[in-house]
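Take a walk through this model with the coordinates open beside you.

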Number of protein chains: 2
Amino acid sequence: MPTSDSPGRRPTIADVAGAAGVSRTTVSHALNGIGKVDPRTRARVKEVAAELGYRPNLRAQRLRRGQAKAIALASSMPLAVAGGPSRLGFYMEVAAAAAERALNHGYALVLVPPVESGSGLESVDIDGAIVVEPDRDDPVVAELTTRGLPYVTLGRQVGAGDRVPSVDLHGGPVAELLLEHLREQGARRPALITGTGDRHTYVDVREVFTRLAREHGRPVLSATAPEEGGEEAGYRCCAELLRRDPGIDAVCAMVDTFAVGAVRAIADSGRTVPDDVMVVTRYDGIRARTCEPPLTAVDLHLDEAAVGAVELLLEHLRGGDAPSRAATPRPRLLPRTSSLRVTARA
Amino acid sequence: MPTSDSPGRRPTIADVAGAAGVSRTTVSHALNGIGKVDPRTRARVKEVAAELGYRPNLRAQRLRRGQAKAIALASSMPLAVAGGPSRLGFYMEVAAAAAERALNHGYALVLVPPVESGSGLESVDIDGAIVVEPDRDDPVVAELTTRGLPYVTLGRQVGAGDRVPSVDLHGGPVAELLLEHLREQGARRPALITGTGDRHTYVDVREVFTRLAREHGRPVLSATAPEEGGEEAGYRCCAELLRRDPGIDAVCAMVDTFAVGAVRAIADSGRTVPDDVMVVTRYDGIRARTCEPPLTAVDLHLDEAAVGAVELLLEHLRGGDAPSRAATPRPRLLPRTSSLRVTARA
């Protein structure tokens, strides 16, 4: 290891105090800019500390201050069934933006995706957490609550009300964008695929979907698939919907892996996308863009949302009158070949 | 905040000791499975601790043990010039795989991408770090060395020799795969674009490129672009190469953003890809896959490499006879339209 070469032990605060001829408290005050220290003494202490290569013990400092100076980005949603670049989805996009913003505030961002051995959060020393789109009964939220750790959610937690600060991801407007687009493109018998469970994005789209179905006198063709099943679960769910109702002419699959599986199920049933069945999804990531045909999706402004979540959490950690909500720009539809029937014909 | 509801103060080890009628040392030994504690006493202490909702102070525990139980994934390479899903490149793919593996060992993975305000590492409490493809003079490595923190590199650091444990990313074989492929597809006047600086991947490809140029009696058409310039830097670099030598019939751009810029520069010069000029790149990420035409790239087995780096670092943190190298599977070429001239004609 590179450190095996480093000579002798690390200089301590006592070494600095000895060399500068002052007390340890004076060294601590001088270096941390607290208490009353003569400016010349402060300058000398800093000089001596630099000469000796003294660095404060971050861990001890933080124990005294009761801070970890670290926040977690936690999620109960499986990162991906497959590995490789396909793992780079919603969560990792949020992580990239959040890590930069947190570091700029002097906070480390710790990744806590779901792992097989428990929540992963148990062993992590943090001041607080951002929970990405929690379920109504979310194990990550339960763990944070048990540990008494502050958290904010990215996308509201269904049932949590105003108790938990959150960044709005506009679940209702996103659902309306997708479903209205399908209607405009000629869909008369759309079906909905969400994950099992009650993440806000599923609950919101189910509500909008049911309302629109009633308004247009259509049956509510809705099904759920287990998130951990990935593309295969989306395939099976879509195939089953098409068997049950062969007249389905559009599929709104709220998880991008499900949408990719749905496209495959549609092709295997002898139908074409978008001419026989249109497909849309929510998150505009690598899967939506590399699917054949490319999938209509929504720009959720995740960069702004991630930065907003970091700011919201840090405001709460600082205490005082922090807001309970942070807004993000309105979502924007990104129409692609998978649902452009009208335009394709024009 | 959700924690504002939590009643009273958090139970301490003294509370558990009092309720169980034993000493604090006994509580500590019982809960941590150290020392000699009667099994019945241990069971009672655990029961009382659970009843009271006692949780050990992770920070104090780690200060005593001298552990942060956190490792950093650090890089001096700009995350991306643009935001959004295009930020999901090499570094974030490594992060996803490394975070899961680290958590399974009870370690948190802290993201330390380069940030404007210094290295970002200064404020982070970690036991060690994985440095992603460091430059020969890397600021992240310098910071880790100053702090006396152990680290391993993902991709060797040029000039570091065997002093620093590293995971091999096969820079030479990757270069040969790409350049041999171009030759097979008919390239007679290939050009090379690398980033400025001496990351192993640049140094290795320059060496192979120069050797092959000499073997085939060709000029060494090589240029560098600043990494932080992104797609625009790749565009300008490629446009300048084409001006200098209009006979160039292939471009090997080692950074994916450069390759995307190069494709645009080739089109703007009135040439077509791959018929007039072929383009290949190294990392098989979202940019290579969504480029028009899709870019030939290399499967670097980043999942295995990331997991290997975590294992290598943790072995060194445990001390003892840890290996200085971890191998990854051999890289594999992924030929795509951007360089399939022969096949396209066949």
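**From the cavity to the sheets**

The lining of the largest cavity has 13 nonpolar, 5 polar and 7 charged residues. Here Ala, Val, Leu, Ile, Met, Phe, Trp, Tyr, Cys and Pro count as nonpolar, Asp, Glu, Lys and Arg as charged, and the others, Gly among them, as polar. This is a predicted model, in which local features need pLDDT of at least 70 and side-chain atom pairs pLDDT 80 or more, while totals for chains, interfaces and linings use all residues. Residues are numbered from 1 along each chain as written, chains are lettered from A and ligands numbered from 1 in the order written, and side-chain values use heavy atoms, without hydrogens or water.

The structure holds 4 cavities of 30 Å³ or more. The largest takes up about 400 Å³. A cavity is a set of points on a 1 Å grid over the protein atoms alone where a 1.4 Å probe fits but cannot get out, and its lining residues have an atom within 4 Å of a point. Points are joined across faces, edges and corners, and the volume is the space filled by probe spheres set on them.

Of the 25 lining residues, M77(A), P78(A), F90(A), V255(A) and D256(A) are the closest to the centre of the largest cavity. Helix 5 of chain A gives the most to this lining, with 3 residues. Helices (H or I, at least four residues) and strands (E, at least two) are DSSP runs, numbered from the N terminus. Domain 2 (70-169 + 301-326) and domain 3 (171-300 + 332-345) of chain A both give residues to the lining, so the largest cavity lies between them. The domain bounds come from an automatic or database assignment.

Now turn to the sheets. Strands of a sheet pair through backbone hydrogen bonds, either parallel or antiparallel. An open sheet of 12 strands runs in the order 11(A)-5(A)-4(A)-3(A)-1(A)-2(A)-2(B)-1(B)-3(B)-4(B)-5(B)-11(B), with mixed pairing. Two strands pair if DSSP finds at least two bridges between them. Strand 11 (325-326) of chain A and strand 11 (325-326) of chain B stand at the edges, each with a single partner strand, so one side of each has no neighbour in the sheet. In chain A, 2 bridges join strand 5 (residues 166-167) to strand 11, and the two run parallel. There, S166(A) stands opposite R325(A).

Helix 6 (residues 139-147) of chain A lies across strands 1, 3 and 4 of chain A, at about 165 degrees to strand 3. Contact means heavy atoms within 4.5 Å. Axes are lines fitted to C-alpha atoms, for helices over the stretch in contact, and angles run from 0 to 180 degrees between N-to-C directions.

Chain B also has an open sheet of 6 strands, ordered 7-6-8-9-10-12, with mixed pairing. Its edge strands are strand 7 (221-225) and strand 12 (332-334) of chain B. The twist averages 20 degrees from one strand to the next. Strand 6 (residues 190-195) and strand 7 of chain B run parallel, joined by 5 bridges. T194(B) has T224(B) as its bridge partner.

Last come the backbone details. Most residues other than glycine have a negative phi, and most peptide bonds are trans. A cis peptide bond joins E292(A) and P293(A), with omega about 0 degrees. Another cis bond joins V273(B) and P274(B), with omega about 5 degrees. H301(A) is not a glycine, yet has a positive phi of about 55 degrees.

Key
1 Å grid on protein atoms, 1.4 Å probe; cavity = no way out; pocket = protein on both sides within 12 Å on 5 of 7 lines; lining within 4 Å.
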